[in-house]
Amino acid sequence: MQAQVEQWLKEGNVDIFIGYKNVDGHVIPHFFTNENIDEVKDLVVGQAHYSLEKIATKVAADHPDMKIGILLARNCNQQALHVLYVWNQLNSNQIQTIEAYEASSDPAFDLGQSEDTAPYKQKMGLVKSMVPKDVEAFDQQQRFSRWMYEFSKCIKCYGCRNICPVCFCKECSLEHKDLVRAGNLPPEIPVFHLVRAVHMAGRCIDCGLCEEACPADIPLRLLYRKVDEIVVDVFDYETGTSPDQSPFSVLGEKVVLELTPIDE
Amino acid sequence: MTNSISGFEDAGCIFIIGTNTTACHPLIARRIYRAKEKGAKLIVADPRAIQLTRFADVAVHHRLGSDVALLNGMMHVIIKNGWHDQKYIEERTEDYEALEKVVSAYTPEKVAGITGVSAEDIEQMAELYAKNSPAPLLYAMGITQHTTGVDNVKSCCNLAMLCGNVGIASAGVNPLRGQNNVQGACDMGGLPNVMTGYQPVNDIKTIDKFSRAWGCSLSDKPGMTITDMIPAMLEGKLKGLYIIGENPKLSDPDWNHLNHALKKLDFLVIQELFLSETAQVADVVFSAASSAEKDGTFTNTERRCMKINKAIEPIGNTLPDWEIISRLSTAMGYEMKYDHPEEIFNEMTALTPKSYAGMTYERLGIDGLQWPCPDQNHPGTPYLHKDGFARGKGKFHGIEYKDPAELPDKDYPFFLTTGRMFAHFHTGTMTRVSAHLDVEQTTGYVEINPKDAEVLDICENDILVLSSRRGEMEVPARITRAVPPGTLFLPIHFGENPPNVLTDSTAVDPLAKIPEFKVSAVQVRKLELGLVEKTA
């Protein structure tokens, strides 16, 4: 991996390579360049979970002609890149990648494993090991109260948004006071979480970074998986692999979702 | 904190009193959520409805400043029902009788009269706390910022010892410190009466030791507290002031009084990241480097000393605090020469035998070490008082309830309390410059109950005039059921709506000198816009 990156930088295949470096015991994202070619020997894969491809979008925005190399250390990095190409946040011609998966880079690692035996969580909320089908087994009232329980723990840290590889809007709806009232904890619920969920449609690649980042153990993956399901069912669009533009980036001509009354 | 943050997850019952944990210590709140979800009971006592109130098995809103009565009431119920830990009390504590005698008078009915909390709730709080060991008690400024601050803390300790909750894992008495390194600053002797590791200034052996180490003769007289400094400035006894990383123009009580005192100074020096309200009136400002721009250590609320590593070089002409102090000292004739903060750390550990002696930068590693760490092989201490209290036996204090210095009356009919909100930190010097945090809260506000708002004909965002015996200020209204009728809440972060215009600098705890920021009496009225309307 290091030899390849060194060669790319020396030969000018890439101007910058975004990978990980161990700094004072912490594995953190690092820019490797030809000017500091010696650092390439410190390039590591590690267990760190950052969205390097999101960092690439920031670089590309400032330097549209720069050739960027990216380390793909998790299974979902490639899908995240795909979404960023589809949404024109990155140009595939400017990106080179190296795959180097760590054995245990499964995003579901640790965290919340004890939830399955946590009695109050079981009674009031939703656990991370659930799939949308499990939630649908509850009646509508239960579903609503369980989601509201989870949302009411939110401390509005924006960790879910900040870590998300496919959250790239210049102006974030979550910070728009007419959409989500500001200044309170928990944030206005369920609007805060539903606005984000809607924005995940056609973008979320189920990488799980948001759920890992959430200090309140809100099962965000479960929420966005449901959104992904709807996108597949209604638009036959597989986010992260379908080559077409997202159905949400084109203006439609008719409403394809059937409107249902809220008290169904 | 006697105990550790991660240990809260394994508690049987968590008692939250005077801490809005999700807003002010969000990653400690994470542990509380997890404990609750794993089956722990949760008791929340706060004059306001806070986020954690939603998750409590019993939540009470006791009247401002009635903490001693509430805690005595709980202890009364515990003793009456025999839920206290007799064996622990006999083996590990003293003066239990003094406590029993005092709390015997605090029947739930009597306490209900003082606190406004029902007798049933008091009984339920007592039962949950006493029967679900280990039970950590968590508090913050809601307990300490009172004229009875020390009494409040002692009462928390009484309750914890009564149920054997000190000296075991996942329990204890846990003041949540307000800054990342306020524990460290105190540990380093950033107090008027102690050197590092709380070695007393007036102890001749201590002063000899430090005098020899530093090659000079040190005074054995304790210094002044901040609250003592203000009258000293007014009397002309204190002529120069050097303030490092603090913004007293917003954080000290009685704004008018303080400004008057600051004007009397011959010379004011401020060392700050940004040009705070106080820095704006200084004679000299030293611009200090931020935590991202320096090496060193922080010691957090769980006594954990951790290494920080410089991420970037200091921007502009800023310097790390240690370097500013060293240069100033050298310029004033006492040479301080260090090449790196590690040298200072090693000097400190050599002079601080009980708590820091076993720490080195290498040993701190990534996770740090919790003091006491007396020698190089000591693994650090996750919880205190395991085999015995620092003073030998844990001492109970019989403490009578006392009213706050000021209660509402005919002229000033509202209770006012002050505190924090989630988006900003203290006086806002570091957070109000962030665009993302400014979106959350751009300016100050006062929380008022809808019933009071209706009586006073107040709508959301109407400008209210709040006045106390000290002064008067204007602030937009936020109507919310989070505060009970008759009580107002002001956040402290906003210099344009300074709550310390209203608070009293003479209402302080007699021992700790901490001001009673949590209780004042104020009057409120809607700002008359007559003139503005006519011209508009």
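## A tour of chains A and B

Among contacts in chain B between residues at least 6 apart in sequence, 70% join residues at least 24 apart, where two residues are in contact if their C-beta atoms, placed from the backbone, lie within 7 Å. The model is predicted, and local features need pLDDT of at least 70, side-chain atom pairs count only at pLDDT 80 or more, while totals for chains, interfaces and linings use all residues. Residues are numbered from 1 along each chain as its sequence is written, and chains are lettered from A and ligands numbered from 1 in the order in which they are written.

**Select chain B.** The C-alpha trace of chain B spans about 75 × 65 × 45 Å along its principal axes. Chain B has a radius of gyration of 24 Å, which agrees with the value near 24 Å that a compact globule of 536 residues would have; the radius is taken over C-alpha atoms, and the globule rule is 2.2 Å times the number of residues to the power 0.38. Of those 536 residues, 45% count as buried, a word used if 20 or more other C-beta atoms lie within 10 Å of a residue's own, whereas exposed stands for 12 or fewer and partly exposed for what is in between. Colour by secondary structure, and chain B shows 20 helices and 19 strands, which are DSSP runs numbered from the N terminus (helices are H or I with at least four residues, strands are E with at least two).

**Select the sheet in chain B.** An open sheet of five strands runs in the order 3-2-1-5-6, with parallel pairing; two strands pair if DSSP finds at least two bridges between them. At the edges are strand 3 (58-60) and strand 6 (173-175) of chain B, each of which pairs on one side only. From one strand to the next, the twist averages 15°. Strand 1 (residues 13-17) and strand 5 (residues 137-139) of chain B are joined in the parallel sense over three bridges, and B:F15 has B:L137 as its bridge partner in strand 5.

**Select the domains of chain B.** The domain assignment, automatic or from a database, gives domain 1 (6-176), domain 2 (182-370) and domain 3 (414-535). The centres of domain 1 and domain 3 of chain B, taken over C-alpha atoms, are 28 Å apart, and 17 residues of domain 1 are in contact with 23 residues of domain 3.

**Select B:T227.** This residue is placed in helix 12 (residues 226-234) of chain B. Is B:T227 buried or partly exposed? B:T227 is partly exposed, because 17 other C-beta atoms lie within 10 Å. Leaving out residues up to four places away in sequence, B:T227 touches B:S505, B:V508, B:K513 and B:P515.

**Select chain A and its contact with chain B.** Chain A has 10 helices and five strands, and buried residues make up 33% of its 264 residues. The contact between the chains takes 20 residues from chain A and 21 residues from chain B. On the side of chain A that touches chain B, helix 4 (residues 119-124) of chain A gives the most, with three residues.

How values were computed. Axes are lines fitted to C-alpha atoms, for helices over the stretch in contact, and angles run from 0 to 180 degrees between N-to-C directions.
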